[in-house]
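Trainee: I would like to learn how to read a structure of this kind. Please show it and take me through some features.

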2 protein chains.
Amino acid sequence: MELNKALKNLRPSLIRMLAEEGKKYDNVISLAIGDPDIPTPRELVKEALKFAEEQHFGYATTALVEKSGTVAADFYNKTYNTNFTSGNILFNIGSSEALTSSIRTITNPGDEIIMFAPFYPGYCSIIELASGVPVVVDITENDFKITPQLIEKYLTPKTKAIIFCNPCNPTGLVLSYDEIKSICDFLKDKDLFIIADEIYCMINFSGFTSFVQFPEILDKLIVINSFSKSHSMTGWRNGYSIVPKELKQYFSSTSSSTIATPATLSLVAGNIALEKYSDVSETAAIYKERAKVVTEALTKLGYKVIDSQGAFYLFADYRSISKKDSLAFALELVKQVQVSVVPGIAFGTEGYIRISLTVSNEKLLEAVERMSNYKEV
Amino acid sequence: MELNKALKNLRPSLIRMLAEEGKKYDNVISLAIGDPDIPTPRELVKEALKFAEEQHFGYATTALVEKSGTVAADFYNKTYNTNFTSGNILFNIGSSEALTSSIRTITNPGDEIIMFAPFYPGYCSIIELASGVPVVVDITENDFKITPQLIEKYLTPKTKAIIFCNPCNPTGLVLSYDEIKSICDFLKDKDLFIIADEIYCMINFSGFTSFVQFPEILDKLIVINSFSKSHSMTGWRNGYSIVPKELKQYFSSTSSSTIATPATLSLVAGNIALEKYSDVSETAAIYKERAKVVTEALTKLGYKVIDSQGAFYLFADYRSISKKDSLAFALELVKQVQVSVVPGIAFGTEGYIRISLTVSNEKLLEAVERMSNYKEV
């Protein structure tokens, strides 16, 4: 029986692969998976569990879904001075299903979707499984800057959307107001969607500008957000999309055909997170400190680390340490010094590794100490 | 911006529509949505919540996913005398994502997937969004029987799969051992997949045969199961697929590209359900009693009710009561007597309504009493 042809192109996740590789050794320090170690606020969890203790719950009710939409819209309106209502908001199973359902909603076979390398690895398979074509724009040669001039070179009549990951996984770079403004000025009259993957927006070290702040592109904007990173709620699978109101029914059709409804308890927890725990500045400060400390330590070893402004990753150029390709280097790091990181090639960029700042400073420094013992073989 | 062309064919859910229509009236008895009223076993919920109280959890770990697979495989092996391992099992977000990801895994554009009307309405949109073609076989003219002779008429070189919903939503019919045996004999050498949607398997009134009991078709069998109906856990969004071991990596790719991972707490709850609460015979007995009582009452009113053998629905021929089409009749029932049911056309079959047995006997009988006051206008 022949399977979906798109599956032939899919490669197993190198993030998972390196995490699994690490498990073969005792005492590995895993800096591979972006799963926060900082606990979910306990009071948030307690309050959500109280809901489940006190009542039998079924499918998310229309009232709960509506409330969740209103809470998210209110949060955006307060934070970014927007005018969203629940009619713009769609709750999903994490940002993965938000992205999958959004891309399936807008894509016909052969449609091109532009992304920038280094990119979040999930984008490619999501696009290919939706019979779209990922178009990768390498920004390493452009000092990691995204500009209208660069985008213009890749636009074709088949361009359906452009994905911006901001703050960026894996680089930690954050687009400035002026950068987004010039991108929006350029794109506002184009017949395409802007997908703003802003799941790390709350983890920024010196400010954050959202694409929602630019009214001129709201008719083509799809924002992807989630509670996984901001509130350390990866296991709850709760995310949401912000879409143009008049198109929401189509995004809803795709999503409900995929998951029926979001998870009831996770919706309840998400509402509590936005209503009572929306200030995650303490969490962001922890990641900022880790980024600073580890960047300094790696720099001393000879790594060239991109100056992170958000999210919880460092993307480090290791080419003065090793001549290996990034997969071979990452595997050798696990083997020699029991530190697992993700090879840059997972993100479409050779010569780099990604380090997750999701263990304590102490452990991070121990990892760097171990990495100092790496010997090129 | 042009959207996915498949979305043009999608109609809003008539189940949701009738449920919403009911909300416009005071005191409606809603028999529209299949959301169990029987509570999830409290001890099961308590034990699952304890996990969340005691520890911060992140993405479902490989160990938890592996354990869930083993628990489900063990359950099947004990119940059906099979030889599954965790290598056959994939956990999903409810049966919806299990079905969506399975169908996306096997479908190329234009592939045909056969289903039998009356069918679960979600199948069509799932198939169309996967660029497949739903092929509907009407079994009302065949006394609601599925036979090899009937299937044969619809097989083409493009047939990729056949979906069997057993026990059937909406009819409550259950395929006998002999019926499945003859279907498997016919299909075992065909180049296609058998999708067995067995989410109601535990709610059967006089026995149930699973497709897994037929080794001759295991190389082409995809079983869809879930905890939503058996354990009244619709809001937890936990389901699973059983697939041929050598193909599991492809099903996993599609699913992880869609949802990243299943929901951690729901996996924990599902394991508890199968390990400690797998006997749901008391729940099944309640639905059996409801089915009996309501069938008798409706029959007295002149409805011809299909003799339900499982699941928690009745599918009733109303044509001696009304000449209206099923949507008009269902809307008129809400308006006149404040009872909401689902029109047969939602399932591809005119002249019938579906009644969910998910309220108490008392309420069900009150609903029938109200329906006796219906006047054709």
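Trainee: In which helix of chain B does B:Leu14 lie?

Mentor: B:Leu14 lies in helix H1 of chain B. Helices (H or I, at least four residues) and strands (E, at least two) are DSSP runs, numbered from the N terminus. Before going on, note that this is a predicted model, in which local features need pLDDT of at least 70, side-chain atom pairs count only at pLDDT 80 or more, and totals for chains, interfaces and linings use all residues. Residues are numbered from 1 along each chain as its sequence is written, while chains are lettered from A and ligands numbered from 1 in the order in which they are written.

Trainee: Is B:Leu14 buried or exposed?

Mentor: A residue is buried if 20 or more other C-beta atoms lie within 10 Å of its own, exposed if 12 or fewer, and partly exposed in between, with C-beta atoms placed from the backbone. B:Leu14 counts as buried because it has 21 C-beta neighbours inside 10 Å.

Trainee: With which residues is B:Leu14 in contact, leaving aside its neighbours within four places in sequence?

Mentor: Two residues are in contact if their C-beta atoms, placed from the backbone, lie within 7 Å. With those sequence neighbours left aside, B:Leu14 is in contact with B:Leu327, B:Val342, B:Pro343 and B:Ala346. Take B:Pro343: 329 residues separate it from B:Leu14 along the chain, yet their C-alpha atoms are 7.6 Å apart.

Trainee: Which residues of helix H1 of chain B are buried, and where do they sit around the axis?

Mentor: The helix covers residues 14-22, and its buried residues are B:Leu14, B:Ile15, B:Leu18, B:Ala19 and B:Gly22. These residues lie on the same side of H1(B), because they cover an arc of only 140° around the axis. The arc is that of the directions from the helix axis to the C-beta atoms. Among the elements that cover them are strand S1 (29-30), helix H11 (326-337), strand S11 (339-340) and strand S12 (342-343) of chain B.

Trainee: What about strands? Which strands pair with S8(A)?

Mentor: Two strands pair if DSSP finds at least two bridges between them. Strand S2 (residues 89-92) of chain A is joined to S8(A) by 4 bridges and runs antiparallel to it. Strand S7 (residues 221-226) of chain A is also antiparallel to S8(A), again over 4 bridges. A:Tyr240 in S8(A) is the bridge partner of A:Phe91, and A:Asn225 stands opposite A:Tyr240 as well.

Trainee: Which way do the residues of S8 of chain A point?

Mentor: In this strand (residues 239-242), A:Gly239 and A:Ser241 point one way, A:Tyr240 and A:Ile242 point the other way, and all are buried.

Trainee: Why does A:Lys229 count as buried?

Mentor: The count decides: A:Lys229 is buried because it has 26 C-beta neighbours inside 10 Å. Its place is in the loop between S7 and S8 of chain A. Apart from neighbours within four places in sequence, A:Lys229 is in contact with A:Pro36, A:Ile199, A:Tyr200 and A:Ile203.

Trainee: How is chain A divided into domains?

Mentor: Domain bounds come from an automatic or database domain assignment. Chain A has domain 1 (5-40 + 280-371) and domain 2 (42-276). Their centres, taken over C-alpha atoms, are separated by 24 Å. In contact are 33 residues of domain 1 of chain A and 35 residues of domain 2 of chain A. On the domain 1 side, H10(A) gives the most, with 5 residues.

Trainee: How many residues of chain A are in contact with chain B?

Mentor: 56 residues of chain A are in contact with 57 residues of chain B. On the chain A side, H4(A) gives the most, with 7 residues.
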